Amino acid sequence: MDSYLTSGESHHASGEHTHDEEGNKMFGFIVFLLSESVIFLSFFAGYIVYKITTPNWLPAGISGLEIKDPAINTVILVSSSFVIYLAERALQRHDLMKFRLFLGATMAMGSYFLLGQALEWNSLAFGFTSGVFGGMFYLLTGFHGLHVLTGIILQLIILVRSFNPGNYDTGHFGVNATSLFWHFVDVIWIVLFILIYLWQ
Amino acid sequence: MTNISVKNVNLPSEEPHHESPGNWKEYFSFSTDHKVIGIQYLVTAFIFFLVGGIFAMVIRGELITPESDLVDRTFYNGMFTMHGTVMLFLWTFPSLVGFANYLVPLMIGARDMAFPRLNAVAFWMVPVVGILLMASFFVPGGPAQAGWWAYPPVSLQNPTGHLINGQVVWLLAVAISGVSSIMGAVNFVTTIVKMRAPGMGFFKMPLFVWAVFSAQIIQLFGLPALTAGAVMLLLDLTAGTAFFDPSKGGNPVMFQHYFWFYSHPAVYVIILPIFGIFSEIFPVYSRKPLFGYKVVAISSLLIAVVSAIVWVHHLYVSGTPAWMRMLFMVTTMLVSVPTGIKVFAWVATIWGGKIRLTTPMLFALGALIMFVFAGIVGIMLSSVPVDVHVNNTYFVVGHFHYVLFGTVTMGLYAAIYHWFPKMTGRMYYEGWGKLHFWLTFIGTNLNFLPMHPLGLQGMLRRISSYAPEYEFWNIIASLGSFLLGMSTLPFIFNMVVSWMHGQKAPANPWRAIGLEWLVSSPPPVENFEEIPIVISEPYGYGKSEPLTANIQNQSHPYKPHS
Ligand code: HEM
Ligand SMILES: [Cu+2]
């Protein structure tokens, strides 16, 4: 017989993992994010097909989307990915003060992004029901915005938890997952920005 | 090898006694034990199977005469829509998830699923889906009527003008069931990748585990597309968006793409675990190792991958360009290659074996026969010219019922009988089981075979009245359906009475190989006192190797004599 594996020999076939809850959670979370990204991919695919096949793509009276403010927004959101990375690093060094500082900065940047989006929505001359474009625009930016909001809430949770001394050294799953989620939200936004704003 | 009949199994004298979930109240609680959850899924699903079956008999009752005389047309539409929805979302998916829940941790030597609480939440969403769907009968205008695939623009019609109508409730229910399934998929994939016992490499996993793994990967990457489409449809219905509404510049065919990108692979979410069940059952009752284990394992994954790129065969008649039709016709036929390999492997396993025709084996054999028939018809359907001809006729209805009833439901019955002793600690009555089998087998063929000639003659589906020349075959089909309805009676009787009064089951009544048969029936709360160390192949029938290095069990057939 070729491969008699005995206990503890191969890494992921090993029984210790039964107790590796942190590892399981992180793995499960990554699997979940992969699945979640397919929802976005489906919307993106729909957007592309609609844009190519719809004769009057933009609603009547609209010539295109203003791009300057969304671009600034994009820069801020993408930079916040680096800031949350710094927070994660600080936590690894057990530097709680810096952790909270960087986390707070990330939350501020995320909130700025959301605010900017709200202002943009407010200024637009078309609505959710203005043809397929209107629907797609609000669906995509809204669904993404919901994710940003979720990210900020997650950040708030880990920030509050960091004030409870028992929490931060029992494992960093919450922090790592929040940070991964934030990077995910950023990457999605970059695709979204290219599709909606750059490809007009 | 002696032929064990169920009645005179020798009970091992010193069955280890463990406390196990014996209290029926536990099944109504928010339990996090994967075994309790598995049974909760199974029982819930079976109740909805009966509901869906009653709907089916209303449909068949209407169709016994050419006129539309039993129920009115809208109610009839609601009936076939709800029948399809209930059968798919509340019978096949949840019952297979139930088996996966019960068996996967046991089969891979784990104490539970990776996320027990998530597991319980995912289960409790299923009754919510069911109650929501049943509640849709009471909203203005009645339940959804656009068929289980809910194509716009039909599904966008809102004759009552109410914001909450049957279609909206239906979409919410489907969305919740999708969320529950994604939770389940995350849990299964994590469990299978991260929680296998030492020694259980991927190629020592039982084939049922391989099948569940492949099926759940489809769920992970297919379901989100359906969810996206469902959200857009819901917005069209309630918020006035234009995605699929042609009158507002939307494109209804886009919905078909979203829908079938998931729903074609979904066929394999259902059928792959059934294949897994076949692969567990045939070796045991033929006393032979499974033929071509590795190929069968890999073919599950292959099916999962290929099935993701064939969906357009449902859109042959939706204005799909010819080159695309050809492309998807070829990929569709490609799926039959790994499937064919599997069928070949099962036949080779049974061939020349010491066959024991117990109820699980009978059901599995019956299901395999039905599958081969359905497969031949399916290959016909995948060719564009045939599909264009019989699309939307009873030929298609006949085909998919050979799959869904003949193969899936009969395969589920096989699994229920096979693992019944393990799950309940009791033996079922073989005679009642056989009666159940023959009624089901005959009923299925009476019911669904006539649909093929009907379809070829041009009888359309989703109609409540038809031309008189179709009457003969329709009468036969309706009688078959009533027989099928009756066939559940001996089954229910058997299950209830056996569970209460059946003979106590030993740990391994079928002398099967597999970790789940090493523990007592039913298994103790945390499955294994000591996590097993796997040292041999999963289907070593006829070889005398120990399965594990550390678990000694009286009833294991290949325990080395020490
Ligand atoms: C007692 C057994 C059954 C009978 C008599 C029966 C009969 C029927 C009939 C007459 C239709 C309507 C076809 C049409 O008008 O287009 C139908 C549709 C359907 N059935 Fe069944 N069926 C049975 C069991 C099942 C099972 C076990 C499943 C799945 C596991 C299933 C899945 C479906 C689906 C998905 C549809 C399509 C519904 C739609 O068009 O929206 N059926 N069935
Ligand atoms: Cu298909």
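Predicted model: local features only at pLDDT ≥ 70, side-chain atom pairs only at ≥ 80, totals over all residues.
Residues are numbered from 1 along each chain as its sequence is written, chains are lettered from A and ligands numbered from 1 in the order in which they are written, and side-chain values use heavy atoms, with hydrogens and water left out.

The iron atom of ligand 1 is held by the NE2 atoms of B:His83 and B:His401, at 2.0 Å. Donors here are N, O and S atoms within 2.8 Å of the metal (3.2 Å for Na, K and Ca), and sites may look incomplete because water is not among the atoms. For comparison, ideal angles for six octahedral donors are 90 or 180 degrees. The two histidines come from distant parts of the chain: B:His83 sits in helix H2 (residues 73-107) of chain B and B:His401 in helix H11 (residues 394-424) of chain B, 318 residues apart. Helices in this account are DSSP runs of H or I with at least four residues, numbered from the N terminus. B:His83 is buried, at a relative accessible area of 14%, and B:His401 is buried with a value of 14%. Buried means under 20% relative accessible area, exposed means over 50%, and partly exposed lies in between (1.4 Å probe, protein chains only).

The copper ion (ligand 2) is coordinated by ND1 of B:His264 and by NE2 of B:His313 and of B:His314, at 1.6 to 2.0 Å. Along the sequence, these donor residues follow the spacing H-x48-H-H. Distant parts of the chain are linked here too, with B:His264 in helix H6 of chain B and B:His314 in the loop between H7 and H8 of chain B, 50 residues apart. B:His264 is buried, with a relative accessible area of 8%, whereas B:His314 is partly exposed at 25%.

Helix H6 also takes part in a helix pair. Two packed helices are described by the angle between their axes and the distance between the axes. Helix H6 (residues 252-286) of chain B packs with helix H7 (residues 293-306) of chain B at an angle of about 175°, and their axes are 11 Å apart. The axes are lines fitted to C-alpha atoms over the stretch in contact, and the angles run from 0 to 180 degrees between N-to-C directions. H6(B) is therefore roughly antiparallel to H7(B), a term for angles over 145 degrees. On the H6(B) side the contact is made by B:Tyr268, B:Leu272, B:Phe275 and B:Ser279, and on the H7(B) side by B:Val296, B:Ser300 and B:Ile303. Contact means heavy atoms within 4.5 Å. By class, five of these residues are nonpolar, two are polar and none is charged. The nonpolar class holds Ala, Val, Leu, Ile, Met, Phe, Trp, Tyr, Cys and Pro, the charged class Asp, Glu, Lys and Arg, and the polar class the others, Gly among them.

Two loop threonines come next. B:Thr358 lies in the loop between helix H8 (322-350) and helix H9 (359-382) of chain B, and is buried, with a relative accessible area of 7%. Beyond its neighbours within four places in sequence, B:Thr358 is in contact with B:Tyr285, B:Tyr428, B:Glu430 and B:Trp510. B:Thr393 belongs to the loop between helix H10 (384-390) and H11 of chain B and is buried at 4%. Residues up to four places away in sequence aside, B:Thr393 touches B:Gly455, B:Met459, B:Leu460 and B:Arg461.

Finally, the backbone deserves a look. Most residues other than glycine have a negative phi, and most peptide bonds are trans. A cis peptide bond joins B:Pro152 to B:Pro153, with omega about 0°, and B:Pro153 is in the loop between helix H3 (116-135) and helix H4 (166-194) of chain B. The bond from B:Ser521 to B:Pro522 is cis as well, with omega near -15°. B:Arg511, not a glycine, has a positive phi of about 50°; B:Arg511 lies in the segment after H14 of chain B and is partly exposed, at 21% relative accessibility.

Definitions and conventions: Parallel < 35°, antiparallel > 145°, perpendicular 65-115°, else oblique.
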